[in-house]
Amino acid sequence: MALRPLLTRRTLASASGFSSNGGITTSFRGLQTFSLPDLPYDYGALQPAISGEIMQLHHQKHHQAYITNYNKALEQLHDAMSKGDAPAVVKLQSAIKFNGGGHVNHSIFWKNLAPIQGGGGEPPKGSLGWAIDNHFGSLDALVQKMNAEGAALQGSGWVWLGVDKELKKLVVETTSNQDPLVTKGPSLVPLIGIDVWEHAYYLQYKNVRPDYLKNIWKVINWKYASELYGKECP
Amino acid sequence: MATATATTSSAVPATAFLRRQGANGGANRSLRWARNQHQRWSPRRSGAAVITAKFDLKPPPYPQDALEPHMSQNTMSFHWGKHHRAYVDNLNKQIVGTELQGKSLEDVMIRTYNKGDLLPPFNNAAQVWNHDFFWDSMKPGGGGKPSGELLKAIERDFGSFEKFSEEFRSAAATQFGSGWAWLVFNPRPSDGKELLVLKTPNAVNPLVLGYTALLTIDVWEHAYYLDYQNRRPDYISIFMEKLVSWDAVSAKLEVAKSRVA
């Protein structure tokens, strides 16, 4: 299979006419539409943990497709709502969950990763580090637990480290397909999500999902997770 | 389909793939191959023969490179050699010593489907069955159009072959996440239509839903990612144009109809 030349530009979103800051654009109809957020690092920056080829496909093809389809579903929803077409509104819910969830989850995922030079893999300090030791025994125990649950997930989905903002407790959860973490509990806030859809690792790790899970911790951005945790549990 | 069978304790090696047997990948040949698998027995232990009934990894009815360039040997080596093999091995481990041991694969599947409240072995059991069925759904030099009774049935229930093809492709393309798309025979149609297109998530298959499967395409990403990456629609098109074994589908329809006749 031919390897396409790796782009070092983070995104081609600016070519599409939308703002390239991953933001929201308001169309002439007053409807919010979404665009592909830039990655804060080059596609090749997470190697060898995650290949540049995977990062480019994952960002430019998969995440972009969720955004395109999410925007389409929202437009159809807007139409159905303005016509008062209740069956159509209900029928669109799965497309919105799939594609909106895909956009939400992947937007978090890119921030959950960082090159080693940028702090990727550096263990959490401060309150999150303490909370992890307190709740799971050690960082290593947390990693083992997430890896086990991620490996056991059947089909496509995500494994999450989250915080219950009501109970101020850390949780490990999995979700199917593109269900966001909040579908497992309304007060759950994602800190780290690891994509275990096959597209996230197959070209590099093939069927050996456990190896992908073992290696991704080398580029996990604990700084970002700590910031999020600090906001929910000050 | 696979049944619990006495066998050697190692899975069928990749060299068991048929070599250079020519283009005819019809159903008869796969049955003949399957029977050959049942000739081996597990080794004797301490003077008494210990035969462990368990499921085999059956090879597809064609060599590993026979579907090139549409489905690469590389893909087949992982899809059959790793994924399908793992489902078989893990299923055997899961059911040993339980009441499921010794039952047929279809029996294990239906029991563990448990009317939708899935029991742990379901994923492995159904995926073993699904992949056996998937290899049989394809052949080297496949594709084109069906003929005879099958074509008549498709034209009757879908309007035309093109309309069926569009519906099947659409089901395969829109199955979100992992899953399968199927052409099935409905033994008890309420609307008079014997054939329908279904899509199912993860390991679910038409058998546990009360239908008879005729054709399937695997749309888990592992089925196409090495060859097509994110381009699932391209994979689906090539499957329809170059891989589908209409012979196998016709044979299955004949069996299905004879059961309700």
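E149(B), K152(B) and K257(B) are joined in a network of salt bridges, a salt bridge being a side-chain nitrogen of Lys or Arg within 4 Å of a carboxyl oxygen of Asp or Glu. This is a predicted model, in which local features need pLDDT of at least 70 and side-chain atom pairs count only at pLDDT 80 or more, whereas totals for chains, interfaces and linings use all residues. Residues are numbered from 1 along each chain as its sequence is written, chains are lettered from A and ligands numbered from 1 in the order in which they are written, and side-chain values use heavy atoms, with hydrogens and water left out.

Over all chains, a search of the whole structure finds 13 salt bridges. Side chains of opposite charge can pair when their charged atoms come close.

| Pair | N to O distance |
|---|---|
| K125(A) and E122(A) | 3.6 Å |
| R156(B) and E194(B) | 2.9 Å |
| R231(B) and D234(B) | 3.2 Å |

For R156(B) and E194(B), which meet in a salt bridge, the former lies in helix α5 (residues 148-158) of chain B and the latter in the loop between β3 (179-185) and β4 (195-201) of that chain, so the pair ties together parts that are 38 residues apart in sequence. Helices (H or I, at least four residues) and strands (E, at least two) are here DSSP runs, numbered from the N terminus. R156(B) is partly exposed, at 46% relative accessibility; buried means under 20% relative accessible area, exposed over 50%, and partly exposed in between, with a 1.4 Å probe and protein chains only. In the pair R231(B) and D234(B), R231(B) is partly exposed with a relative accessible area of 31%, and D234(B) is partly exposed at 38%.

Turning to the chains, chain A has eight helices and five strands, and from the N terminus on its elements run β-β-α-α-α-α-α-β-β-β-α-α-α. Of the 234 residues in chain A, 51% are buried. Among contacts in chain A (heavy atoms within 4.5 Å) between residues at least 6 apart in sequence, 65% join residues at least 24 apart. Chain B holds nine helices and five strands, in the pattern β-α-β-α-α-α-α-α-β-β-β-α-α-α along the sequence. Buried residues come to 54% of the 261 residues of chain B, and 72% of the contacts in chain B with a separation of 6 or more are between residues 24 or more positions apart.

In chain A, the end C-alpha atoms of residues 33-114 lie 27 Å apart, and the span is 71% helix and 2% strand. In chain B, the end C-alpha atoms of residues 54-138 lie 26 Å apart, and the span is 56% helix and 1% strand.

The second largest pocket holds about 740 Å³ of space. Of the 26 residues that line the second largest pocket, the closest to its centre are N69(A), N99(A), A173(B), T174(B) and F176(B). The lining divides into eleven nonpolar, nine polar and six charged residues, where Ala, Val, Leu, Ile, Met, Phe, Trp, Tyr, Cys and Pro count as nonpolar, Asp, Glu, Lys and Arg as charged, and the others, Gly among them, as polar.

Some backbone details complete the description. The peptide bond from Q47(A) to P48(A) is cis, with omega near 0 degrees, and P48(A) lies in the loop between β2 (32-34) and α1 of chain A. Q229(B), a residue other than glycine, has a positive phi near 50 degrees, and Q229(B) is buried at 6% relative accessibility.

Note on methods. On a 1 Å grid over the protein atoms alone, a cavity is a set of points where a 1.4 Å probe fits but cannot get out, and a pocket is an open set with protein on both sides within 12 Å along at least five of seven lines; lining residues have an atom within 4 Å of a point. Grid points are joined across faces, edges and corners, and a volume is the space filled by probe spheres set on the points.
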